Amino acid sequence: MPKVTIDNVSIEVPEGTTILQAARMIGGNLVPPAMCYYTKLDTSGGYCRTCIVKVTQGSERDPRPMPKPVVSCRTTVMDGMVVENITNEELVEARKGVVEFLLINHPLDCPVCDQAGECHLQDLSYENGLSKSRYEFKRREFEMHDIGDKIKLHMNRCILCYRCVKVADQVCDGRVHGVINRGDVAEISTYIQNSVDNDFSGNMIDVCPVGALTDKTFRFKSRVWFAKPMDAHRNCDKCCGKVAVWLSGDDILRVTGRKDKYGEVEDWICNDCRFDKKQKSDWVIEGPRNIDRHSVIAQNKYGVLKQLKIDVSKQKQIGEKAHNK
Amino acid sequence: MKRLLLQHIDVPGIDTLSVYREHGGYKALEKALKDMKPDDITEEVKKSGLRGRGGAGFPTGLKWSFLAKPEGVERYLVCNADESEPGTFKDRFLMSKIPHALIEGMIVSSFALGAKTSYIYIRGELLYVYHILEKAIAEAYDAGLLGKNIMGSGYSLDLYVHPGGGAYICGEETALIESLEGKRGNPRIKPPFPAVKGLWQSPTVVNNVETISAVPHIVNMGGDAYAAIGVGKSTGTKLISACGHIKKPGVYEIELGLPVEEFLFSDEYCGGIRNDKKLKAVVAGGSSVPILPGELFLKTANGEPRLMSYESLSDGGFATGTMLGSGGFIVMDEDTSVVKNLWNFTRFYHHESCGQCSPCREGTGWMEKVLHKFLEGHANMNDIDLLWDIQSKIEGKTICPLGEAASWPVASAIRHFRSEFEDYVKNPQKIKDVKHYYRVNNLDPVIN
């Protein structure tokens, strides 16, 4: 099995593992962020460039370093590979640059965005972004579109990760969904305003890392951190039927796939389960779902009551800095 | 003056098969099919030291030897005729004047690589060249030079010309392959490289028009004789498309190693600067290579005279050197504004970015907008550093080389002409008054 060293931590991984997967096996701070890579979708990844890492030794046999930063999600490990992520200053700086690029045309309308609280771009910019934008021009704007009667496309927020395109390609049949135009006016679109009419199209919402694709049955109903996620299941003849339901009191506000800490679902779910089964009687509730992420939902004020621990040292530093100025 | 590709360019009717054959055309094909094995041709190309003429200068023989040759899997040769680099127009000239040079090269190269089907991917805007090539291919089919059992050798080849939709990005080899497959022309993430998985997931070689057209000459004269032309590792001849403020713009064939000064000022080639003005700057290899100030272009940082060769032009790295690139030779006289020219280049890259990866999609547009601020007179000194920062964050972080192509001109312009950017910041009102061409040293308008 090839042995790879990432930020001075070594691990043996199966043949064909990517650097990102190897880093996720190690876990912790050294896992590169990924906005476009999705384990379940073939050929995803490589577009957003946030997961770039520096390979300082190609392999045991050929120890030459790779000249440019590589995308960890699409580069497979070789035996004896040495990778630098957060230990490389230059790379951290380069990643900040990528995050800045992702944000210059993003509307930053988090206060009215349904994705806020579970948005990967929010987390990413909190960890790697600047507190102030250097971009002083008009941000690009698109019109909002309906993709079918259940999904809303808000293209302004899109970071063109291509995940939903891959879902349309690989999970749904009869693809009518893709990218039109090019450059910074490229946009996600359907074939001449066609609706995406497919049992599994709702999974696009789950894979979207930002608030570009939202569930029309949930839009503006609640902030995600006020809803209680519960594991639930039902007998479904189309999908596995294992979902997470988000409750407010006894009402089911929305139904999503069960996402892990990297925002990737355990299994695809069908549109019936996602959009139509909104009664508590439709589901067998298994118990509270622990959202293993560092965002606000993870504070988990239901279920097992636990002491809230919020790390405010970063905010304190910023505050003190501003105060002393 | 040694000419290979353009030897018979002045012969009337050289675009027809009969005239081309009268002047030694298809001799190389005959020699290759009758006297040589495919591997011999690859060996000769390796010996010749021929380097890719599309811009990167990668040794062609080496590229061919990387081609995976699994049993029972089709291999393809694709000719990259998607020439869209601003300043480069050599392939268009060659294809439209002597189409059979490319077709002969395609047949010989396909034979060497064992390809049974080959493609010429031509830029969508060059539709008239497409018709010329189609006509020439029809002639070749009629003469039994294409199709089944070429010249009785048992080797069969089908050659197709495919016009693109007109996108600069389709000149990148993996985007070209995607486009040829009928998909959106987005570059693929490498590896796998086309030599292993290219067109329809089969091993593929993608070569420039000029590279392929040079192969028959190598077969005719032998690899060693070809390697004797030129200097050092830059062997053979190169087409240079000279444009800008020179007396005689056009496509010239030069022996690599020709002194830059001779190329620029002798009457045989460019003939010096138009209106006898002074030389300000040169972009030596198409818009994406770094711009160099005149004095640094004529002599290297060590004071040696520069030659038209891969090594000499890149002498000093990017700090004091540039690249031969694809041979788009753009000359600017003393009245040219580097900032305005840079904005024009950046606008091009912004327009042509495919939008797949974020640094290029967002960064190229940002750079264009910042540069436009300079032209409008709204810029401040921090914007120069901002530009530098943006380009450094694009370079090397993108899927394909378009990101680098967009950032190198910006970096080099700031590196060599920073004072001019500052001039723009300090004199905003004058820039507004003088809309078009102006003398950048004192911002006076030029009459002609």
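Trainee: What makes Phe329(B) count as buried?

Mentor: Good place to start, and remember that this is a predicted model. Buried means under 20% relative accessible area, and Phe329(B) has 0% relative accessibility, so Phe329(B) counts as buried.

Trainee: Why is the pair of Phe263(B) and Phe329(B) called edge-to-face?

Mentor: Ring centres must lie within 6.5 Å to pair, and planes over 60 degrees apart count as edge-to-face. Here the centres are 5.0 Å apart and the planes stand at 85°, so the pair is edge-to-face. Phe263(B) sits in helix α11 of chain B and Phe329(B) in strand β13 of chain B, so the pair ties together parts 66 residues apart in sequence. Ring pairs also link both of them with Tyr252(B), Tyr269(B) and Phe297(B) into a cluster.

Trainee: Let's turn to the two chains. What makes the meeting of Lys373(B) and Glu136(A) a salt bridge?

Mentor: The cut-off is 4 Å from a side-chain nitrogen of Lys or Arg to a carboxyl oxygen of Asp or Glu. For Lys373(B) and Glu136(A) the N to O distance is 2.3 Å, so the pair meets the definition. The count between chain A and chain B is six salt bridges.

Trainee: How many residues of each chain are in contact?

Mentor: 34 residues of chain A touch 34 residues of chain B, and the area buried between the chains is about 2800 Å². Phe101(A), Arg134(A) and Arg182(A) supply 27% of the area that chain A buries against chain B.

Methods:
Residues are numbered from 1 along each chain as its sequence is written. Chains are lettered from A and ligands numbered from 1 in the order in which they are written. This is a predicted model: local features need pLDDT of at least 70, side-chain atom pairs count only at pLDDT 80 or more; totals for chains, interfaces and linings use all residues. Side-chain values use heavy atoms; hydrogens and water are left out. Contact means heavy atoms within 4.5 Å. Buried area is the accessible area (1.4 Å probe) that two parts lose on being put together, summed over both. Rings of Phe, Tyr and Trp (its six-membered ring) pair if their centres lie within 6.5 Å; planes under 30 degrees apart count as stacked, over 60 as edge-to-face and the rest as tilted. Helices (H or I, at least four residues) and strands (E, at least two) are DSSP runs, numbered from the N terminus. Buried means under 20% relative accessible area, exposed over 50%, partly exposed in between (1.4 Å probe, protein chains only).
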